[in-house]
Amino acid sequence: MAADLSKYRNIGIFAHVDAGKTTTTERILKLTGKIHKIGEVHDGESTMDFMDQEAERGITIQSAATTCEWDGHRLNVIDTPGHVDFTIEVYRSLKVLDGGVGVFCGSGGVEPQSETNWRYANESEVSRIIFVNKLDRIGADFFRVVKQVEDVLGAHPLVMVLPIGIEDDFIGCVDLLTRKAWVWDNEEDTMEFRIEEPPADMADQIEEYREMLVETALEQDDDLMGKYLDGEEPSIEDLQKCIRKGTLTMDFFPTYCGSAFKDKGVQMILDAVVAYLPSPTEVKPQPEVDEEGNETGEYAIVSTDGPLRALAFKIMDDRFGALTFIRIYSGTLNKGDTVLNTFTGKTERVGRMVEMHADDRNELSSAQAGDIIAIVGMKDVQTGHTLCDPKHPATLEPMVFPDPVISIAISPIDKASTEKMGIAIGKMIKEDPSFRVETDQESGETIIKGMGELHLDIKVDILKRTHGVEVTVGAPQVAYRETITKRIEDSYTHKKQSGGSGQFGKIEYIIEPGEPGSGFEFESTVTGGSVPREFWSAVEAGFKKMKERGVLAGFPCLDFKVTLFDGAFHAVDSSAVAFELAAMAAYRQSMPTAGPQLMEPIMKVDVYTPEDHVGDVIGDLNRRRGMIKSQDATPTGVRINGEVPLSEMFGYIGSLRTMTSGRGQFSMEFLQYNPCPRNVAEEVIKETKEREEAKKK
């Protein structure tokens, strides 16, 4: 029997590091009766963070999916990481969610990372409600955070509740719709609350904010607005309908407050999730795409009647085996069904299906559209693959993952670890598509690549602890690139004669710099058949192969265009291979004369520092060749935005903590590749050559 999809809510909890996402998720589980003893993140015991690394660092690295019930509705909650090196996790979770709860810290406010996550959520068109947490903290200020949401995120927060008291005196919230106060003041049983009349001295503030709430909500319905302007007070049901409508279209974001740690205000969040966030049928259906990734115009409409469409959005290895988390968009899935993976073209049989509760699981015999479940033991499925009905194949939107910007060499300590490391790394690549691994052919070293120092740090940690592989770690290497600055016109003839048929191919070509970010482009303007059309792709392939090794220091070459405009061929001796070899030699011949230039990754860096240390921090960023873009005073310190080359940012957290007596924080994300200054480029080229020499020995 098909469940009522209008009673489903697939939601994600996302926010900046330390805003209290995991604690909020914990409270939701506690309130919905899923856990009886509450684990605290700062004791390293939360239920959702079950990896050693999570408990120890107090951060969520993997998003955990869990299911619970509230008010007759079924909530699938996905806890996502806040740290910038794991935004890929956030991005992936957003793909499969219908709504979200954005958590902000009452004293820290809108942090740099919240902006990235908020931007991702806007791009994925996910409706959200806002929870301003930690109002019991020193320096907390609900209204300041609301203002920051407007100014920094450019969003429209719809204030639904007002806090009663602040910091140590924070005891509850006034619900503006009902004008009733929810008070949690029982220290013994923090779950207990009572609903009463609000404090008399808040009456004016309540009316002022309620009026703003009503006016904003009624903009969603012209008839109700007309009646309201004629003096007719709208009913609470009508207001809720309007708020729901505006939330679904992202015109505004209902905003709540509380303290998850002290158990205050989380019930109101759950009520809001049920009241205002969309069910699976109310969001835009996922577009289906063809093999090239272009939309076909078909959609995976959320319904149990359609053919099966599901997206694998996360792979996890836990003590029970490999888990593939999937979101089912349409159709039903039963134990024992055979599904097609459109990426690999292979079918797999679904053995065990489970519903996750953080670290526990319930076995399922079937699941349907709207569900988020895990399948045990799938072989070739990776993140972003579509699983579907073999009779009606379709691909859901492919996921795009950023290229890594940093790499380190690792090598196992002894022979025994070598094999173990291979298996472990294989598993880790499946779990995290932004983590790449390659083997250096000459030295035999294993190179791991990722999104930042912390990202790779944690990978090495997981190797040691989860997989028991001890490795030695080399110095971090930056992923430089190369490009060219001059236009060159040149020709190359490849000929080889050795008894019987030989090889012959002549090409005349232009190599020129492309627009930044354009990658590699190839065009043929040959007319009159001097190079037959069937050899054009061979010429392109030759250049493509070579562009992976630049002429300066062997880094991949970006942003240049090759135009083939003339050449010659021989009726017997010409072949695709001859033209490919001609192109490869042409690259080696012409690139060194086209003004080759080394490019380095530039990071967008966001530093937060107490006011007394601003001078030191800015001076230090300047020494790191940074460009300061802006600095903004916040109530608790100063936020500095800058752009700094990645190579200068190694070990930055240590220096920042030393300069700011441990109070500074920073986050960074990849921005773009810029030309390297000459002295830096010379140094990098010299080091690279020395490394190559050392490997040969």
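Helix 10 passes helix 11 in a right-handed crossing; a crossing is right-handed if the near helix is turned clockwise from the far one by less than a right angle, and left-handed if anticlockwise. The model is a predicted one, in which local features need pLDDT of at least 70 and side-chain atom pairs count only at pLDDT 80 or more, whereas totals for chains, interfaces and linings use all residues. Residues are numbered from 1 along each chain as its sequence is written, and side-chain values use heavy atoms, with hydrogens and water left out.

Helix 10 spans residues 415-431 and helix 11 spans residues 453-465; their axes lie 11 Å apart and form an angle of about 130 degrees. Helix 10 is therefore oblique to helix 11. Angles under 35 degrees count as roughly parallel, over 145 as roughly antiparallel, 65 to 115 as roughly perpendicular, and the rest as oblique. The axes are lines fitted to C-alpha atoms, for helices over the stretch in contact, and the angles run from 0 to 180 degrees between N-to-C directions. From helix 10, Ala424, Ile425 and Met428 meet Lys459, Ile462 and Leu463 of helix 11. The residues of this contact comprise five nonpolar, no polar and one charged. In this grouping Ala, Val, Leu, Ile, Met, Phe, Trp, Tyr, Cys and Pro are nonpolar, Asp, Glu, Lys and Arg are charged, and the others, Gly among them, are polar.

Lys449 belongs to strand 27 (residues 446-450) and, at 24% relative accessibility, counts as partly exposed. Buried denotes under 20% relative accessible area, exposed over 50%, and partly exposed the range in between (1.4 Å probe, protein chains only). Beyond its neighbours within four places in sequence, Lys449 has contacts that include Pro404, Ile406, Phe435, Glu438 and Leu456, contact meaning heavy atoms within 4.5 Å.

The chain as a whole has 16 helices and 38 strands. These are DSSP runs numbered from the N terminus, helices being H or I of at least four residues and strands E of at least two. Of the 697 residues in the chain, 54% are buried. Among contacts between residues at least 6 apart in sequence, 72% join residues at least 24 apart. The accessible surface of the chain comes to about 30400 Å², and 49% of that surface belongs to carbon and sulfur atoms; such areas come from the Shrake-Rupley method with a 1.4 Å probe.

Apart from neighbours within four places in sequence, Leu218 is in contact with Leu224, Met225, Tyr228, Pro234, Leu239 and Cys242. Gln148, in helix 5 (residues 142-153), is buried at 13% relative accessibility. With the corresponding neighbours left aside, Gln148 is in contact with Gly108, Gly109, Val110 and Leu153.

Positive phi angles are found at two aspartates. Asp71, although not a glycine, has a phi of about 55 degrees; Asp71 lies in the loop between strand 2 (64-70) and strand 3 (73-79) and is exposed at 57% relative accessibility. Asp559, likewise not a glycine, has a positive phi of about 50 degrees. Asp559 occupies the loop between helix 12 (536-546) and strand 34 (560-568) and is buried, with a relative accessible area of 9%.
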